[in-house]
Amino acid sequence: MGTITLIKIHPAIGIARIGNSRTEFFIGPEKPGVHTRPKGGYKDAQGRVKRQAARFRLFGYDQKGKLVKEITRADATIEWTVHLANRKAAWKEFDGLNPNTPLRNAGVASRTSLVIDPGQRMITGPSQAATFDTGTFVGVTVPLGEIRTDKRGRLLVLGGFGNSGSPNHKPLQHWANNDDWHDDVSDGPVNATVTLKSSGRTLDAVGAWVICAPPSFAPPLDHIITLYDVLLHVAVDKLGLKLPVKTSFTKDIYPLLDRAINTKWVSAMVANPHAHQHGHASMHGHGAHPSATPAHASFKAVIPPPGTGAARKGIFDKLRNPALPYNQDSGESDMPMIWSDYYLAGKNEPLTKVQYGYMKKWKNGNFINDWHGRPKAPKQITPGGLDRAALEGCVGAAVYPGIEASWLLRDVYTFSEPFRLDPTNLEAGDITKQMAVPWQADFYDCTQDGDLAWWPAQRPDDVFPEAGGPQVPWIRQHVTSPFGMVKNWYKLGFVVKKGAKYVETERNP
């Protein structure tokens with residue numbers, strides 16, 4: 001075993017999710033593609049949503065950068081430091097990709113009074129805890145969550161309780177920008193100082209970041225373009241990350257096809273495309289793609305691979321080319337049918353250039369036929385797997401503004417290595433400050449809009465009730481307005497896998 005000279009925290013970006021249960025929580029995904037339903041479900045016995053904790057681990061590397069082992073309390077004394085903050089109300093209004101918008105709460109002279117910042121917290125040793133309960137919004141205390149350590153000294157970060165409000169009882173007037181409003185979403189740096197028992201050496205670990213985001217109400221389903229996909233493209237484009245020359249069908253192609261197929265469980269536009277009226281013949285929902293049904297001829301023609309060249313070309317030709325100008329119509333190449341960052345242009349978002357490149361190689365037959373049936377769950381937790389598992393459950397596009405993070409993360413902030421933010425010019429609250437305030441206003445507004453969807457794999461549009469029957473709107477009678485989402489978000493159901501189907505469960509009566 002090599003000598004540990006470097007320690008890193010993984011996941012590099014961890015994702016916690018808010019919930020209003022005070023007694024129960026669960027740990028978020030730690031293996032790519034593995035979504036384990038919490039014991040007892042996503043809600044407690046009182047029908048309150050359990051928080052999703054982000055668990056951070058330490059990994060030691062030798063001087064050549066080779067992984068030596070995970071480091072726990074058995075190997076070292078570990079001091080964790082975390083800083084959470086919410087800067088939404090003090091930041092600029094969100095208006096797409098426009099960076100020059102006016103400030104939110106522009107009439108408030110004391111900008112610091114708008115920042116919910118309880119400061120950093122430190123804990124050492126197993127089974128310890130500290131709370132972020134001293135931050136205020138214009139004098140009103142807003143708890144942002146807590147940190148804990150497990151029995152092995154790993155870190156757990158738990159976010160807020162879904163509390164949003166207006167001290168002066170202002171109405172909600174916009175989907176993203178509401179003055180005098182706050183929520184308890186947050187983000188910030190995660191650091192650790194590690195003293196190795198074997199040598200007595202003390203090392204500062206390479207730090208990570210945590211985002212405490214709104215819930216995902218369809219945890220087993222991933223969006224077509226995940227935050228992992230987007231930050232992988234950033235790593236290729238800005239950090240020079242080299243991808244394998246050949247594309248793996250199992251690792252690179254099948255997940256895209258699978259996500260498209262499974263969107264039907266959370267979108268009636270996909271499940272029943274002909275029930276929607278569209279402006280021209282190419283707008284079939286996902287019906288022209290194998291996502292319409294697993295039995296669709298194109299899908300059957302390519303799984304198992306290689307399938308026919310005509311079938312692969314037929315699917316590829318439906319994809320919008322990311323090289324097209326954002327406002328140019330793509331005709332029949334209108335997939336995926338989700339809104340773009342340029343909402344006012346009325347066009348769909350393309351896959352990332354990396355995803356599109358995978359699909360092009362697949363279309364041309366330049367891929368590894370490594371299909372042995374649906375991929376099996378990884379046996380071990382790994383540093384790279386932790387990074388990927390956390391980000392695959394997040395929305396990567398459209399970032400208008402998104403659910404977990406927006407375009408500052410993709411376009412402006414710098415990374416020290418793939419998926420790891422450079423914290424030099426960042427402070428707690430910077431990742432989520434672009435997001436809608438309160439988050440519930442955007443969550444209400446971003447249902448299917450015309451011929452395009454937003455993020456149905458995280459915020460369902462339509463669901464199949466567990467008891468059976470036709471697909472119905474996800475929010476139905478519980479939420480009929482933005483303020484209704486503020487009050488009743490926790491009553492909405494979670495989509496889980498049941499047999500071969502994905503159905504809505506745990507909806508409060």
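## A look around a predicted model

Five bridges hold strand β6 (residues 76–83) and β7 together, and the two run antiparallel. Keep in mind that this is a predicted model. Across that pairing, His83 stands opposite Gln120 in β7. Strand β7 itself covers residues 120–124 and has two faces: Arg121 and Ile123 are on the covered one, while Gln120, Met122 and Thr124 are on the uncovered one.

Over in strand β4 (residues 51–61) you'll find Arg51. Arg51 counts as buried, with 3% relative accessibility. Its side chain has a partner, too: a polar contact of 2.8 Å joins it to the side chain of Glu146.

Now for the rings. The count of aromatic pairs comes to 26. Here are two of them.

| Pair | Centre to centre | Angle between planes | Type |
|---|---|---|---|
| Tyr42 and Phe494 | 4.9 Å | 10° | stacked |
| Phe249 and Trp371 | 5.6 Å | 90° | edge-to-face |

Which parts does the pair of Tyr42 and Phe494 tie together? Tyr42 lies in the loop between β3 (25–27) and β4, and Phe494 is in strand β22 (residues 494–498), so the pair links parts that are 452 residues apart in sequence. Tyr42 is buried at 4% relative accessibility, and Phe494 is buried as well, at 3%.

Phe249 belongs to helix α2 (residues 249–262), whereas Trp371 sits in the loop between β17 (367–368) and α7 (383–392), so this pair ties together parts 122 residues apart in sequence. Phe249 is buried, with a relative accessible area of 0%. Trp371 also counts as buried, at 17% relative accessibility.

Tyr42 and Phe494 turn up again in a cluster linked by ring pairs, along with Phe26, Phe217, Trp439, Phe443, Trp474, Trp489 and Tyr490.

The charged end of Lys8 sits over the ring of Tyr61, 5.3 Å from the ring's centre. For Lys433, the charged end sits over the ring of Trp91, with 3.7 Å to the centre.

Last stop, the cysteines. How many disulfides does a search of the whole structure find? The search turns up zero. Take Cys212: the closest cysteine sulfur, in Cys394, is 12 Å from its own sulfur, so the two are too far apart for a bond. Cys446 is in no disulfide either, since its nearest cysteine sulfur, again that of Cys394, is 16 Å away.

Key. Residues are numbered from 1 along each chain as its sequence is written. This is a predicted model: local features need pLDDT of at least 70, side-chain atom pairs count only at pLDDT 80 or more; totals for chains, interfaces and linings use all residues. Side-chain values use heavy atoms; hydrogens and water are left out. A disulfide is a pair of cysteine sulfur atoms within 2.5 Å. Buried means under 20% relative accessible area, exposed over 50%, partly exposed in between (1.4 Å probe, protein chains only). Helices (H or I, at least four residues) and strands (E, at least two) are DSSP runs, numbered from the N terminus. Two strands pair if DSSP finds at least two bridges between them. A polar contact is a pair of N or O atoms within 3.5 Å; within protein, one must be able to donate a hydrogen and the other to accept it, and residues adjacent in sequence count only if both atoms are side-chain atoms. Rings of Phe, Tyr and Trp (its six-membered ring) pair if their centres lie within 6.5 Å; planes under 30 degrees apart count as stacked, over 60 as edge-to-face and the rest as tilted. A charge sits over a ring if NZ of Lys or CZ of Arg is within 6 Å of the ring centre and within 35 degrees of the ring normal.
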